[in-house]
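Let's walk through this structure together, one piece at a time. Keep the picture open beside you and turn it as you read.

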There are 2 protein chains.
Amino acid sequence: MASPTRSSSLSGRSSTRVSAGEGSRFDRRLAKILEHATEVFCDKGYEGASMRDLSRASRMSLAGLYYYFDSKEKLLYLIQKYTFSTILERLRERLEGVEDPEQRVRIFIQNHLEYFLANQKAVKVLSHEDDVLKNGYGSEIAAIKREYYRICLELVDELKQAQGLEFSSRIAVLSLFGMMNWIYTWHNPRVDADAGELAREMGDIFLHGVCRGRGGSVPQAKRASGPKVRVM
Amino acid sequence: MASPTRSSSLSGRSSTRVSAGEGSRFDRRLAKILEHATEVFCDKGYEGASMRDLSRASRMSLAGLYYYFDSKEKLLYLIQKYTFSTILERLRERLEGVEDPEQRVRIFIQNHLEYFLANQKAVKVLSHEDDVLKNGYGSEIAAIKREYYRICLELVDELKQAQGLEFSSRIAVLSLFGMMNWIYTWHNPRVDADAGELAREMGDIFLHGVCRGRGGSVPQAKRASGPKVRVM
DNA sequence: ATGTTGGTAGAACGAACGTTCGATAAGCCT
DNA sequence: AGGCTTATCGAACGTTCGTTCTACCAACAT
C-alpha cells in the first residue's frame with residue numbers, strides 16, 4: 001500500500017500512452033533491468049538466480065532494485081508478459097492479408113522461429129520457468145499462451161479442411177510446437193542456419209515429412225557429430 | 001574420506017553383483033528415495049526443491065538421507081543416470097534383428113515415447129535440469145546423451161541413404177527430439193492416446209508430414225480446446 | 001533557503017538453505 | 001555379554017535467501 005513502486009506502460013496496469021517518446025526514464029531503466037534479469041534467469045534459472053545476482057548484473061544495489069518492482073516473482077511476470085505479447089502482436093501483423101492455408105502455417109513457423117532466435121534468452125526463460133508463477137500472474141500468462149495455441153490450431157485446421165486431410169490437429173500442433181521450441185536447447189548461431197532457412201526446413205518436415213524429397217534444399221555441409229545437441 | 005556412504009550397484013562405482021536377489025536392503029531403500037525425490041524434483045524443480053522437501057517425501061529425517069548419498073547434486077546425478085541408462089538399454093534390445101530403415105526409426109520413436117509416458121516425472125527432471133550438474137557428473141550424463149543422439153542420427157542417415165533423400169539429418173533429428181520431448185509438457189494419460197498410437201502419429205508426421213493423408217488413422221474425437229496445452 | 005520528489009544504497013531482518021555432528025538404538029557375530 | 005555395523009534421528013552449523021528500513025543525495029519547485 002505504502003509501496004513507492006510506480007505504475008507505467010511497462011510495469012503497471014495503467015498509463016494511457018504505451019510509448020511516450022521512447023518511454024519515461026523510469027520505463028527505460030526498468031527495461032534495462034529486465035534485460036539483465038532475463039540473462040541471469042536464463043543462465044541460472046529462476047530459483048537458482050538470487051536477487052544479489054540480479055543486483056550485480058544490473059549494477060544496482062539490492063535495495064535499489066525494489067524501487068522498480070515489488071518482488072522477484074513480479075519481475076519474472078514482467079519478463080514473460082512482455083516477451084509473449086510481442087510475439088503475438090507480430091504474428092497478427094504478418095498473418096494479415098495472406099490467404100493460402102499452407103502459406104499461413106509457414107508464416108506462423110517463420111514468426112515463431114524468428115523471434116525465438118532473436119531473443120533466445122527471453123524465450124528460454126519463458127519456456128523453462130513455465131509453472132513458477134502463482135495464481136494471478138500465472139493465469140494471466142497462461143491465458144496469453146492459450147490464445148497463441150488457439151491461433152495455431154486454427155491455422156492447421158484451415159489447412160486440414162482446405163486439403164481434405166484427416167489427422168489429429170492437437171497432436172500435430174503440439175508436435176509442431178515441440179519441434180520449434182526445442183531449438184533453444186541446441187541452436188548455435190555460429191554454425192546453424194538462420195530463422196528463415198530453419199523455418200523452411202521445419203515447415204517441410206511438418207508439412208511433407210522427411211521421406212518426400214523436397215526440391216531446392218541447399219546442400220548442407222556434412223558435420224561429424226557437430227556442436228551442441230540435446231536429446232532430452 | 002570418513003564418509004559412511006556406501007558403494008552399491010545403484011549408488012556407487014563398485015560391487016560386482018549388479019543385482020543380488022533384487023538388490024540389497026540398502027539398494028532398495030535408495031531406490032525408493034530416488035523415486036520420491038524424482039517426484040519432488042519434477043514438481044518444484046531441482047533448485048526449488050529443498051532437502052527438507054525430500055526428507056518429508058521420503059518420510060526420513062533430513063540427516064537420515066545423507067546416509068544414502070553425499071549431496072543433493074549427487075542425488076540428481078543418480079536419478080538422471082539411472083533413467084537414461086535404462087532408455088538406452090531398452091532401445092538396443094528392440095533394435096536388434098530389425099533391418100528395414102523406416103521400421104528402425106519407428107522403433108526409436110516408439111521406445112522413446114513409451115519410456116517417456118511410463119516415467120513422465122523422471123524424464124521431466126532429466127530434461128528440465130539439463131545443465132544443473134557440474135563438471136564430473138555433468139559430463140558423464142552428457143556423454144550418455146550424445147551416444148543416444150548418435151544412434152538416432154545413424155538411423156535417420158540409414159533411412160536417407162536407403163531412399164536416396166536429401167535433407168539435413170541434424171535438423172531432422174533435433175526436430176524429432178523436439179516433437180517427442182515436448183510431450184511431457186502436455187500429455188494427459190486420461191485423455192491423450194497411449195504411447196503406441198502417439199508413436200504412430202508422430203512417426204507419420206516426421207516421415208510423411210501432415211499434408212499427405214495417411215490411411216487407417218483412427219478418427220479422433222473432436223475436442224474444443226481440450227486439456228492442458230503448452231506452446232512454450 | 002527550504003521543502004518535495006525521484007532514485008539509490010548500507011545494513012539489517014527473519015526465514016530457509018545444504019550439510020554435519022554426536023547420540024541412539026536394533027541386528028548380527030562371536 | 002560384549003563389540004561392530006547399519007540405520008536413523010534431533011539439533012545445530014554457517015551461509016544465503018528475499019525483503020525492508022532508513023538515510024542520503026541531487027534536482028527541481030516554491
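This is a predicted model: local features need pLDDT of at least 70, side-chain atom pairs count only at pLDDT 80 or more; totals for chains, interfaces and linings use all residues.

Now look back along the helix itself. How far apart are the end C-alpha atoms of helix H1 of chain B? They are 29 Å apart, and because 20 residues at 1.5 Å a residue should span 28 Å, the two values agree. Several residues of this helix are buried, and they are B:Leu30, B:Ile33, B:Leu34, B:Ala37, B:Thr38, B:Val40, B:Phe41 and B:Cys42. As you read those numbers, keep one rule in mind. An α-helix has 3.6 residues a turn, so residues three or four places apart point the same way. The cover over the buried residues of H1(B) includes H2, H3, helix H4 (72–95) and helix H6 (120–128) of chain B.

Glycine is not alone in having a positive phi here. Most residues other than glycine have a negative phi. A:Arg59, which is not a glycine, has a positive phi of about 50°. You will find A:Arg59 in the loop between H2 and H3 of chain A. Is A:Arg59 buried or exposed? Because 9 other C-beta atoms lie within 10 Å of A:Arg59, it counts as exposed. A:Asn135 also has a positive phi, near 25°, and is a residue other than glycine. A:Asn135 belongs to helix H7 (residues 135–163) of chain A. With 7 other C-beta atoms within 10 Å, A:Asn135 is exposed.

Step back now to see chain A as a whole. It has 9 helices and 0 strands, so reading along the sequence gives the pattern α-α-α-α-α-α-α-α-α. Of its 232 residues, 37% are buried. Among the contacts in chain A with a separation of 6 or more, 62% join residues 24 or more positions apart. One helix to pick out is H8 of chain A, residues 169–181. Its 13 residues reach 18 Å from the first C-alpha to the last, close to the 18 Å expected at 1.5 Å a residue. Since 13 of the 13 residues of H8(A) are buried, this helix is largely enclosed by the rest of the structure.

What lies inside? In soluble globular proteins, nonpolar side chains tend to be buried together. The largest nonpolar core in this model has 127 residues, and those with the most contacts inside it are A:Met180, B:Leu113 and B:Met180. Leaving aside residues up to four places away in sequence, B:Leu113 touches B:Met180, B:Ile183, B:Ala195, B:Leu198 and B:Ala199. For another leucine, go to B:Leu91 in helix H4 of chain B. Because B:Leu91 has 19 C-beta neighbours inside 10 Å, it counts as partly exposed. Again leaving aside residues up to four places away, B:Leu91 touches B:Phe108, B:Asn111 and B:Ile151. Its C-alpha atom is separated by 9.7 Å from that of B:Ile109, 18 residues apart along the chain.

Next, compare the two chains. Chain B can be laid on chain A by a turn of 180° and a shift of 0.0 Å along the axis, with an RMSD of 0.0 Å. That is the relation of a two-fold axis. Which residue of chain B comes closest to the rotation axis? B:Gly209 does, with its C-alpha at 1.9 Å. The same surface serves both copies, as 100% of the contact residues of chain B recur in chain A. Chain B gives 48 residues to the contact, and chain A gives 48 residues. On the side of chain B that touches chain A, the elements giving two or more residues are H6, helix H7 (135–163), helix H8 (169–181) and helix H9 (195–208) of chain B. H8(B) has the largest share, 9 residues. By class, this side has 22 nonpolar, 15 polar and 11 charged residues.

Finally, turn to the DNA. Around DNA strand C there are 17 residues, the closest being A:Ser61, A:Ala63, B:Ser50, B:Ala63 and B:Ser71. Helices H1 and H3 of chain A and helices H2 and H3 of chain B each supply at least two residues of that surface. DNA strand D also has 17 residues around it, and A:Ser50, A:Ser71, B:Ser61, B:Ala63 and B:Gly64 come nearest. There, H2 and H3 of chain A and H1 and H3 of chain B each supply at least two residues.

Technical notes. Residues are numbered from 1 along each chain as its sequence is written. Chains are lettered from A and ligands numbered from 1 in the order in which they are written. A residue is near a molecule or strand if its C-beta atom, placed from the backbone, lies within 6 Å of it. Helices (H or I, at least four residues) and strands (E, at least two) are DSSP runs, numbered from the N terminus. The expected span of a helix is 1.5 Å times one less than its number of residues. A residue is buried if 20 or more other C-beta atoms lie within 10 Å of its own, exposed if 12 or fewer, and partly exposed in between; C-beta atoms are placed from the backbone. Two residues are in contact if their C-beta atoms, placed from the backbone, lie within 7 Å. A nonpolar core is a set of buried Ala, Val, Leu, Ile, Met, Phe, Trp, Tyr and Cys residues joined through C-beta atoms within 7 Å. Copies are superposed by least squares on the C-alpha atoms of residues with pLDDT of at least 70 in both. Ala, Val, Leu, Ile, Met, Phe, Trp, Tyr, Cys and Pro count as nonpolar, Asp, Glu, Lys and Arg as charged, and the others, Gly among them, as polar.
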